[in-house]
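Biologist: Walk me through the terms behind this model. I want each label set against its cut-off.

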Amino acid sequence: VLFAAGTGNPYFSTDTGAVLRGVEIEADAVLMAKNVDAIYSADPAKDPTAVRYSRLTYGEVLAKNLKATDITAMALAMDNDMTMVCFGLNEENSIVRVVRGEEIGTTVKNHF
């Protein structure tokens, strides 16, 4: 099942809404289509030395203050042991590829 929409709730980002819905339906993962192809150490458009991550733990994301999603979404996913995959929406067939289980973007979990 794929959900796509805004939250309809003031003060809640679409990231938080997506994770909340994922937790509610006990989804295997939340797939976050973003304007950037993965999670980086800094904004790759502004910092050419930004490091691209393929796998991270929630602890690493929070400790490094990485700006992949809003912090509420990250904390909610972490607390509910929900896998999150952040990937680029602008890449060709990215949604199909991530749904098929291809390792694109950055996968975030509590443990690997």
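Modeller: Start with the elements. Helices (H or I, at least four residues) and strands (E, at least two) are DSSP runs, numbered from the N terminus. Glu26 sits in the loop between α1 and β1, which spans 29–34. This is a predicted model, where local features need pLDDT of at least 70, side-chain atom pairs count only at pLDDT 80 or more, and totals for chains, interfaces and linings use all residues. Residues are numbered from 1 along each chain as its sequence is written, and side-chain values use heavy atoms, with hydrogens and water left out.

Biologist: Why is Glu26 called exposed?

Modeller: Exposed means over 50% relative accessible area, buried under 20%, and partly exposed in between (1.4 Å probe, protein chains only). Glu26 has 71%, so it is exposed.

Biologist: What makes the phi of Glu26 worth a remark?

Modeller: Most residues other than glycine have a negative phi. Glu26 has a positive phi, near 60°. The residue comes just after α1.

Biologist: Where does Asn65 lie, and what is its phi?

Modeller: Asn65 is in the loop between α2 and α3. Its phi is positive too, near 55°.

Biologist: Why is Asn65 called partly exposed?

Modeller: Asn65 has 46% relative accessibility, so it falls in the partly exposed class.

Biologist: Which residues of α3 are buried?

Modeller: In α3, residues 71–79, the buried ones are Ala73, Met74 and Ala77.

Biologist: What do the buried residues of α3 pack against?

Modeller: Contact means heavy atoms within 4.5 Å. The partners of α3 are α1 (14–24), β2 (39–40), α2 (58–63) and β5 (83–88).

Biologist: What makes Asp70 a cap for α3?

Modeller: A polar contact is a pair of N or O atoms within 3.5 Å; within protein, one must be able to donate a hydrogen and the other to accept it, and residues adjacent in sequence count only if both atoms are side-chain atoms. A side-chain oxygen of Asp70 lies 2.9 Å from the backbone nitrogen of Thr72, at the N-terminal end of α3. After α3 comes Asp81, with a positive phi near 50°.

Biologist: What is found at the start of α1?

Modeller: There, a side-chain oxygen of Ser13 comes within 3.3 Å of the backbone nitrogen of Asp15. Asp15 is also one of the buried residues of α1, with Thr16, Gly17, Val19 and Gly22. Their cover includes β1, α3 and β5.

Biologist: Which polar contacts does the side chain of Asn110 make?

Modeller: Asn110 is in the segment after β6, residues 106–109. Its side chain reaches the backbone oxygen of Met78 at 3.0 Å. The side chain of Asp81 is its partner at 2.9 Å. Beyond four places in sequence, Asn110 is in contact with Thr57, Tyr58, Met78 and Asp81.

Biologist: Why is Thr83 called buried?

Modeller: Thr83 has a relative accessible area of 18%, so it counts as buried. Thr83 belongs to strand β5. Leaving out residues up to four places away in sequence, it touches Asp28, Ala29, Val30, Tyr58, Thr107, Val108 and Lys109.

Biologist: How many nonpolar, polar and charged residues line the second largest pocket?

Modeller: Ala, Val, Leu, Ile, Met, Phe, Trp, Tyr, Cys and Pro count as nonpolar, Asp, Glu, Lys and Arg as charged, and the others, Gly among them, as polar. The lining has eight nonpolar, no polar and three charged residues.

Biologist: Why is Pro44 called partly exposed?

Modeller: Pro44 has a relative accessible area of 33%, so it is partly exposed. Pro44 is in the loop between β2 and β3, the latter being 52–53. Not counting residues up to four places away in sequence, Pro44 touches Val36 and Ala50.

Biologist: And where is Gly59, and how far is it from His111?

Modeller: Gly59 is in helix α2. Gly59 and His111 are 52 residues apart in sequence and 9.3 Å apart in space, C-alpha to C-alpha. At 41% relative accessibility, Gly59 is partly exposed.
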